[in-house]
Amino acid sequence: MKGLAVTVLSMLAFASCASALGPCFSREQPTLREEAANAKVIVYGTIANAKRIGDGGTTDLIVSRVLKSDPAAAGKKVIQIDRYIEIPTDPDNPRTYLVYGDVEEGQVDFYRGEAVGPAVADYLAKSLATNINKDHVSLLKHCAKHFEHEEPIVAGDAVAEFQRAADADVRTACRAIDPDRLRRFLHDKDISHSRLGLYAMLLAHDGNRSDAVLIRDWLDKLADGSSSLEFLFTAYTLLDPVAGWAYTCNLIQNPKTEFMVRYSGLRAARYFQNTRPDVLSVDDRVKALRISLRHADMADLAIDDLRRWQHWKLTNEVLSITEQKGFDLAIIRRAQVKYAIQCPDEKAVQFVATMCATDPVGLREIRELLDAELSGK
């Protein structure tokens, strides 16, 4: 275990933070705080005194700062790693590392290390201190101060914490963010699309109606499937519900609009259904689903949403949809049957009864799929 763990440290020893994690996290990649939760020991320091001994060797980790401690490392200024790690030959500019370790039989077992600057260690230390009492709002306020930080790993981590946070916490934390700062970010034509969506949402939570123009300008530039469109549609509508939702629904309705653009609009509808139902009426939210039913590549998604929202007013359209040219597809039929199974309307009950008589095996298989979905399996 220890040999393998230190091999990882050796491989990462000369990686820069930007190349190791990139300037922006994905939602699947753990944040620094999440990764730290899995470590028993986290130290910041340098490596020195690398010695070869046969096929192996030792290297000293000179501890400058302890971010997370354990009795196995408490008070130690030097911790020996049982492996030879070649040290970069630049004595005037020694590299500093953030090193993560586990503890086995009273010994620290390092399994990850990255070359980072002091700003990363400072940021992580404050993130850990802020998160002690699970105060997510204070954590987000701390992270917001580091948007567009010169250290890519810090800037990326700050964004990632917001991407993972609950909407209510984000809305509370963003009150501490200067809207003019967000406007400056959004006026930068070179801003990354992954951050563009977040900054637009934050401004929508604490900006004013005039900011809708800024968001609309970005939408006009990016109506091509950008990953930020879902958030731009949502932000535009939060700032100007009438104009924003009309713009979104018009794009969903247009058959020439790319699928990912239309799908982003549908995801915005889900946000207003599940998170902010106070912004749009039920009819407005359902409008996006009704329009989506007209596209064969989106009909199954819209039907599933209607079922999950328990909105049964479009039952006639749903039950007859596969009769349309181009809509008799297995994925749409499956969504249609799941809708009918849960729908209380008499027409849906009869639809299921007819299928039970004509295709009992197919009905049973779809029931099993639906049961698995409802049970979370």
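# Talking through the predicted model

Me: Which ring does phenylalanine 147 pair with, and how far apart are the centres?
Reply: The partner is phenylalanine 162, with 5.2 Å between the two ring centres, and because the planes stand at 55°, the pair is classed as tilted. Phenylalanine 147 sits in the loop between α5 (136-144) and α6 (152-164), whereas phenylalanine 162 belongs to helix α6, so that the pair links distant parts of the chain, 15 residues apart. Phenylalanine 162 is buried too, at 3% relative accessibility.

Me: What else does phenylalanine 162 touch?
Reply: Not counting residues up to four places away in sequence, phenylalanine 162 touches Leu140, Cys143, Ala144, Phe147, Val170, Ile177, Leu198 and Leu202. Together with Phe147, Phe185 and Tyr199, Phe162 also forms one aromatic cluster.

Me: How many residues are in the largest nonpolar core, and which have the most contacts inside it?
Reply: That core has 97 residues, and Phe147 and Phe162 are the ones with the most contacts inside it. Helix α9, which covers residues 193-206, gives the most to this core, contributing eight residues. There is also a second, separate core of 15 residues, with Ala72, Ile79, Ile85 and Tyr97 among them.

Me: Back to rings for a moment. How many aromatic pairs does the structure hold?
Reply: The structure holds nine aromatic pairs. One of them, besides the phenylalanine pair already described, brings together tyrosine 271 and phenylalanine 272, whose ring centres are 5.4 Å apart and whose planes meet at 80°, so this pair is edge-to-face. Both tyrosine 271 and phenylalanine 272 are buried.

Me: And what sits over the ring of tryptophan 218?
Reply: The charged end of lysine 221 sits over that ring, 4.8 Å from its centre.

Me: New topic, then: how many salt bridges does a search of the whole structure find?
Reply: The search finds 25 salt bridges. In one of them aspartate 305 is joined to arginine 270, with the closest N and O atoms 2.9 Å apart. Aspartate 305 lies in helix α15 (residues 299-308) and arginine 270 in helix α13, so the bridge ties together parts that are 35 residues apart in sequence.

Me: Why does arginine 270 count as buried?
Reply: Its relative accessible area is 18%, and the cut-off for buried is under 20%, so arginine 270 falls on the buried side. Aspartate 305 is buried as well, with a value of 3%.

Me: Which residue does arginine 307 bridge to?
Reply: Arginine 307 forms a salt bridge with glutamate 373, where the closest N and O atoms are 3.1 Å apart. This pair links distant parts of the chain, since arginine 307 is in helix α15 and glutamate 373 is in helix α19 (residues 360-375), 66 residues apart. Arginine 307 counts as buried at 2% relative accessibility, while glutamate 373 is partly exposed, with a relative accessible area of 27%.

Me: What about arginine 290, which residue is its salt-bridge partner?
Reply: Arginine 290 bridges to glutamate 317, the closest N and O atoms being 2.6 Å apart. Here arginine 290 lies in helix α14 (residues 282-292) and glutamate 317 in helix α16 (residues 315-320), 27 residues apart. Arginine 290 is partly exposed at 35%, and glutamate 317 is likewise partly exposed at 32%.

Me: One more arginine: where is arginine 262 found?
Reply: Arginine 262 is found in helix α13, which spans residues 259-274, and at 5% relative accessibility this arginine counts as buried. A polar contact of 2.7 Å joins its side chain to that of aspartate 297. Leaving aside neighbours within four places in sequence, the residues in contact with arginine 262 include Leu251, Asn254, His295 and Met298.

Me: Last one: which helix holds leucine 239?
Reply: Leucine 239 lies in helix α11 (residues 229-239) and counts as buried at 8% relative accessibility. Its contacts beyond four places in sequence include Leu203, Gly207, Asp211 and Ile215.

Conventions:
Residues are numbered from 1 along each chain as its sequence is written. This is a predicted model: local features need pLDDT of at least 70, side-chain atom pairs count only at pLDDT 80 or more; totals for chains, interfaces and linings use all residues. Side-chain values use heavy atoms; hydrogens and water are left out. A nonpolar core is a set of buried Ala, Val, Leu, Ile, Met, Phe, Trp, Tyr and Cys residues joined through side-chain atoms within 4.5 Å. Buried means under 20% relative accessible area, exposed over 50%, partly exposed in between (1.4 Å probe, protein chains only). Helices (H or I, at least four residues) and strands (E, at least two) are DSSP runs, numbered from the N terminus. Contact means heavy atoms within 4.5 Å. A polar contact is a pair of N or O atoms within 3.5 Å; within protein, one must be able to donate a hydrogen and the other to accept it, and residues adjacent in sequence count only if both atoms are side-chain atoms. Rings of Phe, Tyr and Trp (its six-membered ring) pair if their centres lie within 6.5 Å; planes under 30 degrees apart count as stacked, over 60 as edge-to-face and the rest as tilted. A charge sits over a ring if NZ of Lys or CZ of Arg is within 6 Å of the ring centre and within 35 degrees of the ring normal. A salt bridge is a side-chain nitrogen of Lys or Arg within 4 Å of a carboxyl oxygen of Asp or Glu.
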